[in-house]
Amino acid sequence: MHINGSGNNDAGRSGRMDNTGTRRLDVSRSKFELTAIKPEQYPEGDLPEIALVGRSNVGKSSLVNSLLNRKGLAKVSSEPGKTRGINFYNVDDTMYLVDLPGYGYAKVSKQEKASWAEMIETYLHTRRQLKLVIMLVDIRHTPTEDDRLMYRWILDRGIAHMVIATKADKISRGRIQGRLSEIRKVLGIKADVSLTAYSSETGQGKEQVWRDLEKAVLDQTVNEQI
Ligand SMILES: Nc1nc2c(ncn2[C@@H]2O[C@H](COP(=O)(O)OP(=O)(O)OP(=O)(O)O)[C@@H](O)[C@H]2O)c(=O)[nH]1
Ligand SMILES: [Mg+2]
């Protein structure tokens, strides 16, 4: 399979083969499918899933829109706490991008925080279709305690993952490598785990991320034993 995430759709529609005989993914055929609060509501079927985790306001929903070249598909807001349930985006009937609620949002009640944490953990820990977690951090900031806890949780459970440093357009190009090194150090990201600077505004990093996703979708599942 080759994912055509560039916005150039000359590769054709779902199921068409390119001249090397591999199937091409047409990201223009993406749609919001459903919002789930509990596992019974997750989509049926066996499509591979790629989940986005990160603090509230870090840019998860913007990343969905950017990767799928669709401005208003996922709801974006400058107010943290926009995405509340687990939102499933069907990409060309081939995979789902799964937008999880953000953590670390101070303005919600303790109870609501606990229920979001449970929603996120239940999904990550039990979902058989989950292939990869994308953890997002803001390139401008040192990862927070919440980020470190989240990342440790991913590591402890052996969940296949990659990290994206968002809002790269907000710093100068010359500062990007330094920020990535610091994030890698603070979170303890191993050398073989990809860490990509991304901008949903300019599309910087998009090709690299699609390449990583393509590989992940072809790989083993995270919760294989389930
Ligand atoms: N400049 C810039 N702004 C961004 C980028 N990504 C997101 N933003 C902005 O950051 C704010 C939050 O973006 P969202 O995509 O809603 O963040 P989220 O992680 O989905 O937030 P929750 O749903 O609250 O968890 C919005 O105002 C976006 O326009 C980026 O790459 N560059
Ligand atoms: Mg969101």
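**Exercise 1. The surroundings of ligand 1**

Task: find how many residues surround ligand 1, and which are the closest.

Solution. Step 1: count the shell. Ligand 1 has 24 residues around it; a residue belongs if its C-beta atom, placed from the backbone, lies within 6 Å. Step 2: pick out the closest. These are G59, S61, S62, T83 and G102. Step 3: sort the shell by type. Four residues are nonpolar, 14 are polar and six are charged. Here Ala, Val, Leu, Ile, Met, Phe, Trp, Tyr, Cys and Pro count as nonpolar, Asp, Glu, Lys and Arg as charged, and the others, Gly among them, as polar. Step 4: look for the main contributor. Helix α1 (residues 60-67) gives the largest share of the shell, three residues. Helices (H or I, at least four residues) and strands (E, at least two) are DSSP runs, numbered from the N terminus.

A note on the model: it is predicted, local features need pLDDT of at least 70, side-chain atom pairs count only at pLDDT 80 or more, and totals for chains, interfaces and linings use all residues. Residues are numbered from 1 along each chain as its sequence is written, while chains are lettered from A and ligands numbered from 1 in the order in which they are written.

**Exercise 2. Strand β4**

Task: explain why strand β4 (residues 49-54) is largely enclosed by the rest of the structure.

Solution. Step 1: check burial. A residue is buried if 20 or more other C-beta atoms lie within 10 Å of its own, exposed if 12 or fewer, and partly exposed in between, with C-beta atoms placed from the backbone. Six of the six residues of β4 are buried, so the strand is largely enclosed. Step 2: check both faces. E49, A51 and V53 point one way, I50, L52 and G54 the other, and all are buried. Step 3: find the partners. Strands pair if DSSP finds at least two bridges between them. β4 pairs with strand β6 (residues 95-99) in the parallel sense, over four bridges. There, I50 stands opposite L97. β4 also pairs with strand β7 (residues 130-138), again parallel, over six bridges. In β7, M135 is the bridge partner of V53.

**Exercise 3. Helix α2**

Task: decide which residues of helix α2 are buried and which are exposed.

Solution. Step 1: list the buried ones. In α2, W116, Y123 and L124 are buried.
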